[in-house]
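Hello,

Here is the structure I promised to send over. Please have a look at it first, and then read my notes below.

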Amino acid sequence: MRLHTENKLTEREDIKIQCGMFQGDSLSPLLFCICLIPLTKHLNRLNTEYEEHTTKTKISHLLYMDDLKLIAKSEEELQKQIQTVKTFSDDIHMEFRLEKCAKFAFKRGKLVHSQNLVIDINKEIQELEQGKMYKYLGIEESEGIQHQKMKERLKQEYSRRLRMILISELKARNKITAIGALAVPVLRFSFGIIKRRIEEIKKKMKRKLERC
């Protein structure tokens, strides 16, 4: 471990890790995110960002826990990003889940055919087939987000979990806690991603009030 200050560099001996972190420990996700900070820095240094035309926002990747989406202007730049991720993953002994990976290319806003992305010998990321979907943070995407389809699916899953909690033998206080911990997170990922019109929300609220 090295600590850089204005006047000197403080360096300590190798840290010997005696045991791992228990699954479910509250420190586990925090430490995992800290370990992935260097990956974000390496990707930013590549200068392979895609620039959004209207806002001029530059972005090269989206990262949430272990879900990573790479965004590049060309096949060559995407290959650079993949190689950086592979080198970093090899260093920390983290493996690609190739069966959960997909690669696709857009031209003028339309999904076009492209080659699979080669990572290593006999290892490649398959192109996303026409009509197929992939998931990022639980949201299905292709040429765009299937907003109406996802709203119905989220509604069904939220209602299922809510019913399961309400018919349980938990006390009222524990039911409220369970709703916040088990049911609400189903919708939380979609906030700010899935489009919901104000009129639509008002109609739903009106129907709920009428039922009460």
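What follows is a short tour of the charged contacts, a surface patch, a hairpin and some backbone angles.

First, some ground rules. This is a predicted model, in which local features need pLDDT of at least 70 and side-chain atom pairs count only at pLDDT 80 or more, while totals for chains, interfaces and linings use all residues. Residues are numbered from 1 along each chain as its sequence is written, and side-chain values use heavy atoms, with hydrogens and water left out.

Salt bridges

The structure holds six salt bridges (a side-chain nitrogen of Lys or Arg within 4 Å of a carboxyl oxygen of Asp or Glu). One of them joins Lys 103 to Glu 75, with the closest N and O atoms 2.7 Å apart. This pair links distant parts of the chain, since Lys 103 sits in the loop between H2 and S7 and Glu 75 in helix H2, 28 residues apart. Helices here are DSSP runs of H or I with at least four residues, and strands are runs of E with at least two, numbered from the N terminus. Lys 103 is buried at 4% relative accessibility, whereas Glu 75 is partly exposed at 35%. For these words, buried means under 20% relative accessible area, exposed over 50%, and partly exposed in between (1.4 Å probe, protein chains only).

Another salt bridge is found between Arg 161 and Glu 157, again with 2.7 Å between the closest N and O atoms. Both residues lie in helix H3, four residues apart, which is about one turn of the helix. Arg 161 is partly exposed, with a relative accessible area of 24%, and Glu 157 is partly exposed with 24% as well. Salt bridges that share partners join Glu 157, Arg 160 and Arg 161 into one network.

You will also find Glu 11 and Arg 2 in a salt bridge, at 3.4 Å from N to O. Arg 2 is exposed, at 56% relative accessibility.

A positive patch

Lys 155, Arg 197, Lys 203 and Arg 207 form a positive surface patch. Patches are made of residues with over 30% relative accessible area and no salt bridge, joining like charges within 9 Å and nonpolar side chains (Val, Leu, Ile, Met, Phe, Trp, Tyr) within 5 Å. Lys and Arg count as positive and Asp and Glu as negative, with His and the chain ends not counted; the charge is placed at NZ of Lys, CZ of Arg, CG of Asp or CD of Glu. The areas come from the Shrake-Rupley method with a 1.4 Å probe, and for residues only the protein chains shown count as cover. Lys 155 lies in helix H3 (residues 147–166) and is partly exposed at 47%.

A hairpin and some backbone angles

Strands S9 (residues 117–120) and S10 (residues 123–125) pair in the antiparallel sense over three bridges; pairing requires that DSSP finds at least two bridges between the strands. Val 118 has Glu 124 in S10 as its bridge partner. The hairpin has two residues between its strands, and Asn 122 there takes a positive phi near 65 degrees.

Which other residues have a positive phi although they are not glycines? Asn 47 does, at about 55 degrees, in the loop between helix H1 (27–45) and strand S3 (50–51). So does His 93, at about 60 degrees, in the loop between helix H2 (75–91) and strand S7 (105–107). Asn 47 is exposed at 55%, and His 93 is exposed at 73%.

Best wishes
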